[in-house]
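My notes follow in the order I took them.

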Amino acid sequence: MARMARWEPNARERLVDAALELFHERGYNRTTVGEIAARAGLTERTFFRYFSDKREVLFGGGRDLEKGIADAIAAAPDDLSPLDVIVGALEAIAAHFPPRRDYRARQRLIAAHPELRERELIKLSSLTSAIAGALRARGVADSAASLTAEAGIAIFKTAYERWVGGTRQRKFAEDIRTTLDELRIVTAASTGAPSTSHAAPVSRNPSSKKPKTHGA
């Protein structure tokens, strides 16, 4: 067993690493808080200083994520659209994510346990509310803020799954931008006016605005 230390540098990171190791070795359900703390060379009291239970080891950074995204939204230029504001904030936060191999182990655990999937949905809902609130603080109308926040979370979730499950060495921010581009292609296609003839190709409404592209 690792020697207990009065000084506890990087305690949160040590607890997370220890938990992931034990979840892999013994299974999530068979691992206790005491075992996680012992593996990290810390006490159970220290564990509960950072996490309310062992589930939160996998979700403990949620509040920091919400604050980071909200702060980035608040600092965004005034001339950006609400969706571009959100995506810019997500890209900024993505640069601080640990290597994706750490998240692959996390995702496997969540997928295998219903209680963890439920907790993840709760965290995503909280993040959506935080994003919508940050947009309203910028003057975005309530309904538009809620709708755009939902779209932003869809981008975040899709990009995250692509990044974690991908085989190419890509940065998380790249997958966020790629997912946004795909969403814009889909929404642009939906603005096309349906043809009145089955033989004629579908034409786009010439009066509709073209979707904004990155950097425009």
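Before looking at handedness I wrote down the convention: a crossing is left-handed if the near helix is turned anticlockwise from the far one by less than a right angle, and right-handed if clockwise. I also noted that this is a predicted model.

**Entry 1: α7 and α8**

I looked up this pair with the convention in hand, and the crossing of α7 and α8 is right-handed. On the α7 side I listed Leu-124, Leu-127, Thr-128, Ile-131, Ala-132, Leu-135 and Arg-136 as making the contact. The α8 side contributes Asp-142, Ala-145, Ser-146, Thr-148, Ala-149, Glu-150, Ile-153, Phe-156 and Lys-157. Sorted by class, this contact has nine nonpolar, three polar and four charged residues. For the geometry I read an angle of about 135° between α7 and α8, with the axes 8 Å apart. The two helices are therefore oblique to each other, since angles over 145 would be needed for roughly antiparallel.

**Entry 2: α4 and α5**

Next I took α4 (62–75) with helix α5, which covers residues 82–94. Their axes come within 8 Å and cross at roughly 130°. That angle makes α4 oblique to α5. I noted the crossing of α4 and α5 as right-handed. Which residues meet here? From α4 I have Leu-65, Gly-68, Ile-69, Ala-72 and Ile-73, and from α5 Val-85, Ile-86, Ala-89, Leu-90 and Ile-93. The class count for the contact of α4 with α5 is nine nonpolar, one polar and no charged residues.

**Entry 3: α4 and α7**

I then checked α4 against α7, where the angle is about 20° and the axes are 9 Å apart. This makes α4 roughly parallel to α7, because angles under 35 degrees count as such. The crossing of α4 and α7 is right-handed. In α4 the contact residues are Arg-63, Leu-65, Glu-66, Ile-69, Ala-70 and Ile-73. In α7 they are Lys-123, Ser-126, Leu-127, Ala-130, Ile-131, Ala-134 and Leu-135. I counted nine nonpolar, one polar and three charged residues in the contact of α4 with α7.

**Entry 4: the largest pocket**

Last I looked up the largest pocket, which has a volume of about 1,100 Å³. Its lining holds 32 residues, and the closest to the centre are Leu-58, Gly-61, Phe-97, Tyr-103 and Arg-106. Which elements give two or more residues to this lining? I listed α1 (11–26), α4 (62–75), α6 (100–112), α7 (114–137) and α8 (142–165). By class I recorded 15 nonpolar, six polar and 11 charged residues in the pocket lining.

Conventions
Residues are numbered from 1 along each chain as its sequence is written. This is a predicted model: local features need pLDDT of at least 70, side-chain atom pairs count only at pLDDT 80 or more; totals for chains, interfaces and linings use all residues. Side-chain values use heavy atoms; hydrogens and water are left out. On a 1 Å grid over the protein atoms alone, a cavity is a set of points where a 1.4 Å probe fits but cannot get out, and a pocket is an open set with protein on both sides within 12 Å along at least five of seven lines; lining residues have an atom within 4 Å of a point. Grid points are joined across faces, edges and corners, and a volume is the space filled by probe spheres set on the points. Helices (H or I, at least four residues) and strands (E, at least two) are DSSP runs, numbered from the N terminus. Ala, Val, Leu, Ile, Met, Phe, Trp, Tyr, Cys and Pro count as nonpolar, Asp, Glu, Lys and Arg as charged, and the others, Gly among them, as polar. Axes are lines fitted to C-alpha atoms, for helices over the stretch in contact, and angles run from 0 to 180 degrees between N-to-C directions. Angles under 35 degrees count as roughly parallel, over 145 as roughly antiparallel, 65 to 115 as roughly perpendicular and the rest as oblique. Contact means heavy atoms within 4.5 Å.
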